[in-house]
Amino acid sequence: MTIFYSDKRITEALKSGNEEDTNKVFRYLYKTYFGMAVQFMKKNTGDESDAEDVFQEVMIGFYQSVRKGLYRGDSSVKTYLYSMIRNQWLIRLKDRKRNIAMDIQENVMKMQQTHPVENAAGELNSKVRTLLEKLSERCREVLTLYYFDNFAMSEIAQMAGYDNENSAKTQKYKCMQRLIALIAENPDLRSSLHELLLESNQ
Amino acid sequence: MKDPISPELIEKYLTHSLPETEQAEFARKLKSDSALAAQVSDYRLAMKSAEHYGKIKLKERLGKMMTETKAEQAKWHNNQWMRIAAVILIFLATGSPFLFNYFNQGIDYQQIYTENFNLYPNVLNQRSDDVQKNVMLTEAMSYYSDKDFVNAFALLDELSKNQDSLAATVAFYKGICLLGAGKDEEAAEVFSNILSNPDESYKNPARWYLTLTLIKSGKQAEAEALLKEISVEKTYNYLKAEKILEELE
């Protein structure tokens, strides 16, 4: 039986920090809105495989928007996701530099075709994973809860089982120092990450 | 000597959390202090790496979830087709005797079975030595004679584990109990096993009871084949077999 999630319930669940609730919402969003992504892709020279990649990125982006307070409920979740799908697809096409004509109501674009650049994402993921997995699991937990999930230190202290907020802050400080040291002691990794992570986002 | 810059200050600068003037002041310092610039760059790289790692882990979770959801949806669609197929099959299965009867001028298999099912005589009572030594068997056959097939079967089933000399006899009566208790499939299996054993002394009555099992299940063609054998060989209950063949034809 499919349970209905209102927009309010969706955002509350994503803010809650409860993994089970978050997973349920992700499943709901996929069941409800993935078809919309597929339809959009097919109308714009993409396919179902593209829709899967884009939809995953959109779910991550939406999650972070909710966590950071960027999505405030001014538009419906459906509208917000649709605009994210469209923007994400535009970014991908720009990256791939395909020669297509895109007909999206207010926008018509034409681009020259060159070779797609998709290996960079895989390389980045591999380097980041290798780097972070040199830290303890506790460090990875604190750092991702803070920098990706955007939880406050008081929330992290509770979620990760620290005595208090200060203990969590101290742990975060130590973990960051360790991470920075790992970056500093490997100049090749440092310049590679710099190129892939920082320069590509500018 | 310059005061060391705290990580908290670097983080505030990188997240634009400093007041505007302090933010601008810090940016100016970076331009003239290459060591500070390198420190801030490494800090920024660490922050972005941690953020990106969170993204990687969430992407893995989403990928797994999407695969599971797709599989559930595919299973649901398959189940829908199977439900539709099952409904059709159930309709055919339940309807087919009625349809078959309609086209076969209303043969009542249950009635033929009821009219012809009788207990095979309790021959074990005649084996006084065996029965006297075996209280459980006496009890079982008492239940059998009273047509309490469930209790009779339970005791016979227990006996079948131990009484090798009476194994064939016990198996045969177990089959009748199963048939009497409505466990037609299991009864058919017991009688079929007896028939497949060339030395089996209960072969002829087993064939008769197997025929009744088939009639009860509406398996007319298979029942007719056995009835014809019984009729030709003039074995156990052959007159009844001939009468049933007439009714079926």
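## Contact between chains A and B

Two residues are in contact here if their C-beta atoms, placed from the backbone, lie within 7 Å. In this predicted model, the contact draws 32 residues from chain A and 24 residues from chain B. On the side of chain A that touches chain B, at least two residues each come from helix 2 (19–43), helix 3 (48–67), helix 5 (119–132), helix 6 (137–147), helix 8 (165–184) and helix 9 (187–199). Helix 8 of chain A gives the most to this side, with 6 residues.

Sorted by class, the side of chain A that touches chain B holds 20 nonpolar, 5 polar and 7 charged residues.

## Helix 8 of chain A

Helix 8 of chain A is made of 20 residues, and the span from its first C-alpha to its last is 28 Å, close to the 28 Å expected at 1.5 Å a residue. Its buried residues are A168(A), Q171(A), K172(A), C175(A), M176(A), L179(A) and I183(A). Viewed down the axis of helix 8 of chain A, the buried residues fall within an arc of 135°, so they line one face of the helix.

The face turned away from this buried side carries N166(A), T170(A) and A181(A), which are exposed.

## F172 of chain B

F172(B) belongs to helix 8 (residues 167–180) of chain B. F172(B) has 23 other C-beta atoms within 10 Å; a residue is buried if that count is 20 or more, so F172(B) is buried.

Leaving out residues up to four places away in sequence, F172(B) touches I194(B), Y202(B) and A206(B). L156(B) stands 16 residues from F172(B) along the chain, and the C-alpha atoms of the two are separated by 10.0 Å.

## Positive phi in two loops of chain B

H16(B) sits in the loop between helix 1 (7–14) and helix 2 (20–32) of chain B. Its phi is positive, at about 55°, although H16(B) is not a glycine. H16(B) counts as exposed because it has 8 C-beta neighbours inside 10 Å, and the cut-off for exposed is 12 or fewer.

N237(B) is located in the loop between helix 11 (220–233) and helix 12 (238–248) of chain B. N237(B) is likewise a residue other than glycine with a positive phi, near 60°. With 21 other C-beta atoms within 10 Å, N237(B) is buried.

Terms used. Residues numbered from 1 in each chain as written. Chains lettered and ligands numbered in written order. Predicted model: local features only at pLDDT ≥ 70, side-chain atom pairs only at ≥ 80, totals over all residues. Helix = DSSP H or I, 4+ residues; strand = E, 2+ residues; numbered from the N terminus. Nonpolar A, V, L, I, M, F, W, Y, C, P; charged D, E, K, R; others polar. Expected span 1.5 Å × (residues − 1). Arc of directions from axis to C-beta.
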